Amino acid sequence: MVRRISIRTRGQGLHDITEHVQATVAEAEVDDGLCTILVQHTSASLTIQENADPSARRDLEAWLSRLVPENDPIFTHTSEGTDDMPSHIKAALTATTLSIPVVDGRLGLGTWQGIYLWEHRRRGSKRNCLVHVS
């Protein structure tokens with residue numbers, strides 16, 4: 001089963017999509033299998049990260065922004081704004097797909113893990129993810 005989920009982001013940052021993905025897993029009625037998620041954009045990514053302490057996510061965001069700053073003079077792809085090329089690099093350095101086992105009809109995540117769509121653009125956007133459960 002494949003479902004498209006749409007996420008409205010408010011701008012840069014990690015947006016928790018765990019409940020959306022788990023709802024798709026429940027709808028698929030698969031006891032044991034695999035859930036694969038693909039973000040259909042080149043300026044956003046996916047990650048599994050701590051879901052308890054938001055400071056961990058803020059630190060990740062700050063670190064990646066320091067690693068790939070805006071307005072780097074080597075960038076030639078600038079027609080869509082100063083955050084566009086850095087967002088492509090951030091997506092290339094992270095992941096655009098995730099695979100998570102399904103165990104007893106639930107995502108096989110650890111206690112402190114959540115699934116996040118990582119928005120790399122400053123402006124909010126509608127982001128689409130394909131969720132495949134088999």
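Q: Where is the place of D104 in this predicted model?
A: The model is predicted. Strand β5 covers 97-103 and strand β6 covers 106-107. D104 falls in the loop between β5 and β6.

Q: Is D104 buried or exposed?
A: The cut-off for exposed is over 50% relative accessible area. D104 has 63% relative accessibility. D104 therefore counts as exposed.

Q: What is the phi of D104?
A: Most residues other than glycine have a negative phi. D104 is not a glycine, yet its phi is positive. The value is about 55°.

Q: Which loop holds E29, and what is the phi of E29?
A: E29 is in the loop between α1 and β3. Strand β3 covers 33-39. E29 is a residue other than glycine, and its phi is positive. That phi is near 55°.

Q: Is E29 buried or exposed?
A: Exposed requires over 50% relative accessible area. E29 has 71% relative accessibility. E29 therefore counts as exposed.

Q: How many helices and strands does the protein chain have, and what pattern do they follow?
A: The protein chain has three helices and eight strands. Read along the sequence, they give the pattern β-β-α-β-β-α-α-β-β-β-β.

Q: Why is the protein chain as compact as a globular protein of its length?
A: The globule rule gives 14 Å for 134 residues. The radius of gyration of the protein chain is close to that, so the chain is as compact as a globular protein of that length. The radius of gyration is 16 Å.

Q: What does the C-alpha trace span along its principal axes, and what percentage of residues count as buried?
A: The C-alpha trace spans about 50 × 30 × 20 Å along the principal axes. Burial is counted over the 134 residues of the protein chain. The buried part is 39%.

Q: How far apart are the mean positions of the positive and negative charges?
A: The protein chain has 14 positive and 17 negative charges. Their mean positions are 7 Å apart.

Q: Is H15 buried or exposed?
A: H15 lies in strand β2, residues 13-16. Buried means under 20% relative accessible area. At 6%, H15 therefore counts as buried.

Q: Which backbone oxygen does the side chain of H15 reach?
A: H15 touches T9, R10, I115, Y116, L117 and E119, leaving aside residues up to four places away in sequence. Its side chain also reaches a backbone oxygen at 3.0 Å. That oxygen belongs to G11.

Q: How far apart in space are E19 and R66?
A: E19 is in helix α1, residues 18-28. E19 is exposed, with a relative accessible area of 71%. E19 and R66 are 47 residues apart in sequence. C-alpha to C-alpha, the distance in space is 30 Å.

Q: Which residues does L34 touch, not counting residues up to four places away in sequence?
A: L34 is found in strand β3. With a relative accessible area of 36%, L34 is partly exposed. Its contacts, with that exclusion, are S99, I100, P101, V102, H132, V133 and S134.

Methods. Residues numbered from 1 in each chain as written. Predicted model: local features only at pLDDT ≥ 70, side-chain atom pairs only at ≥ 80, totals over all residues. Heavy atoms only, no water. Helix = DSSP H or I, 4+ residues; strand = E, 2+ residues; numbered from the N terminus. Rg over C-alpha atoms; globule rule 2.2 N^0.38 Å. Buried < 20%, exposed > 50% of the residue type's maximum accessible area, 1.4 Å probe, protein only. Lys, Arg positive; Asp, Glu negative; His and termini not counted. Charge placed at Lys NZ, Arg CZ, Asp CG, Glu CD. Polar contact = N/O pair within 3.5 Å; in protein donor to acceptor, adjacent residues only side chain to side chain. Contact = heavy atoms within 4.5 Å.
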